[in-house]
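Welcome! Here is a short briefing to read alongside the sequence and the 3D view.

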Amino acid sequence: MQANTQKLVAYGNYVAGQTLPSAAGQMFASVNPATGQKWAQFVESGTDDVDAAVQAARSALSGPWGALSPTRRGRLLMAWGEKIAEEAENIARLESAQNGKLLAEMKAQANVVKEWLYYFGGLADKVEGRVVPIERQSVLNYTLREPIGVVGVIVPWNSPTFLTIMSCAPAMAAGNTIVLKPSEVTSASAFELARLAELAGIPPGVINVVTGGRAAGEALVDHERVAKICFTGSDAAGRAIAARAGARLAGCTLELGGKSPNIVFQDASVDNAVAGVLSGIFAAAGQTCIAGSRAYIHESLYDQVVERLVQRAQAIKLGDPLRADTQMGPAATAAQLQKNLTMVARAVDGGAEVLSGGKRAQVSGMEQGYFFEPTILHRLKADNPLMHEEVFGPVLAVTSFRDEEEVVALANNTQFGLAAGVWTRDLSRAHRLAKRLQAGTIWINTYRAMACNSPFGGYKSSGIGRVNGIEAVDQFLQTKSVWCETSDEIQDPFVLKV
């Protein structure tokens with residue numbers, strides 16, 4: 001890194017352990033959303049830049065990384081986790097400066113990825129084939145499970161380090177190498193991750209970083225030497241990526257959008273439910289795919305719970321994400337701020353009533369920041385866009401319901417199926433809903449819980465495949481069947497046996 005003439009920090013791509021400039025000389029700027037000021041610039045990568053990174057990843061795959069034993073590979077992943085944890089504060093500050101999320105949240109994510117790298121590091125030497133019983137007893141048939149090759153990882157801006165590791169850890173445990181394209185909003189921390197990987201002993205070229213926008217992403221998706229794409233982001237972008245990758249028969253793991261319901265039954269603990277609904281939508285300023293953006297509250301509790309939600313939402317302190325007393329930071333980009341405003345306005349045009357927020361917020365000393373008030377709306381009709389489209393901001397739609405049948409139908413009435421929350425003391429009901437709700441993760445009397453060993457992914461338009469857990473490693477392996485005849489008997493189909 002070095003300062004340019006405009007005193008912006010300048011980053012080059014990171015390929016095979018080297019910092020490289022843009023092949024075409026193109027750069028783009030990163031803006032701090034809390035201040036609205038530019039602070040760094042990055043390479044606007046094109047086809048040549050991406051190709052250099054893919055070639056480096058291929059060389060590492062056939063060279064030093066591919067030559068390592070699975071056990072050694074796993075130990076290096078664990079060592080990488082230690083290095084990241086040691087630099088958690090630095091990584092968190094970089095990410096808060098890029099996406100405006102709370103420093104405490106970004107630091108917690110940078111710390112917890114050590115658990116992911118320990119878990120997947122431990123799985124690296126648990127990848128095993130099997131012996132297949134064949135009718136002909138003299139034939140030994142067994143399977144080998146091998147890495148698929150170079151994996152392209154495209155991550156969004158909301159949780160850069162956490163989501164990067166969720167894709168890279170299982171892919172690398174399976175023996176693959178990586179070309180990482182971070183969001184153009186939050187590119188800086190990716191370079192720290194790559195640098196720390198090499199400090200941990202992971203060979204150069206195993207993790208390569210190319211920055212840029214749509215053109216860089218398309219070049220990575222289209223590259224004939226990229227075996228699989230792991231993408232986290234919007235469903236629209238995921239569909240486009242799947243179509244492009246599918247045209248050349250490359251695989252995809254897609255973790256896409258959500259419109260997750262948080263359902264509060266009449267027998268729920270009101271205190272716990274209120275806290276869960278609030279954290280589900282406002283804890284990360286709504287900038288998370290699992291945001292509980294639809295709250296369904298039983299009619300017997302509706303007025304009480306909504307009143308408490310509004311009171312708590314109005315008390316949330318917006319401000320500098322680096323300050324310990326700030327409870328919610330800004331939207332990550334000007335475009336996201338505008339989306340928040342537009343979708344609330346559309347909802348109101350469709351008959352919704354704003355109970356709290358709904359406007360851009362002014363924060364003293366950060367008047368140019370992209371702050372948006374924690375927002376709650378009700379009286380939304382079933383066809384209101386806010387009930388079906390992902391906002392990715394701190395916007396909650398609340399609706400009452402009468403009984404279980406009604407709320408299941410309401411909750412499932414969406415193209416998405418990433419997560420759902422259920423608040424009830426009736427465990428029979430809880431487990432019935434766990435089966436009936438169309439989502440990849442069901443939380444009962446909790447929300448936003450996640451673990452490295454529990455699979456995560458979506459139903460319907462919320463994605464394809466799973467991250468986390470043993471299933472994640474399976475998705476980065478291909479199976480080879482080996483047949484070996486052990487007898488000396490000649491098997492000649494053209495010799496007639498008498």
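Predicted model: local features only at pLDDT ≥ 70, side-chain atom pairs only at ≥ 80, totals over all residues.

Residues are numbered from 1 along each chain as its sequence is written, and side-chain values use heavy atoms, leaving out hydrogens and water.

**Overall build**

- The secondary structure comes to 15 helices and 24 strands (DSSP runs numbered from the N terminus: helices are H or I with at least four residues, strands are E with at least two).
- The radius of gyration is 25 Å, close to the 23 Å that the globule rule gives for 498 residues, so the protein is as compact as a globular protein of that length (taken over C-alpha atoms; the rule is 2.2 Å times the number of residues to the power 0.38).
- Of the 498 residues, 56% count as buried (under 20% relative accessible area, with a 1.4 Å probe and protein chains only).

**Nonpolar cores**

- The largest nonpolar core has 96 residues, and Trp-80, Met-172 and Leu-309 have the most contacts inside it (a core is a set of buried Ala, Val, Leu, Ile, Met, Phe, Trp, Tyr and Cys residues joined through side-chain atoms within 4.5 Å).
- Helix H6 (residues 160-173) gives the most to this core, with nine residues.
- A second, separate core of 27 residues includes Ile-263, Leu-337, Tyr-370 and Leu-380.

**Aromatic rings**

- A search of the whole structure finds nine aromatic pairs (rings of Phe, Tyr and Trp, using its six-membered ring, with centres within 6.5 Å; planes under 30 degrees apart are stacked, over 60 edge-to-face and the rest tilted).
- Phe-265 and Phe-401 form an edge-to-face pair, because their ring centres are 5.3 Å apart and their planes stand at 80 degrees.
- This pair links distant parts of the chain, with its two residues 136 residues apart, and both Phe-265 and Phe-401 are buried.
- The charged end of Arg-429 sits over the ring of Phe-265, 4.4 Å from its centre (CZ of Arg or NZ of Lys within 6 Å of the ring centre and within 35 degrees of the ring normal).

Notes. Buried < 20%, exposed > 50% of the residue type's maximum accessible area, 1.4 Å probe, protein only.
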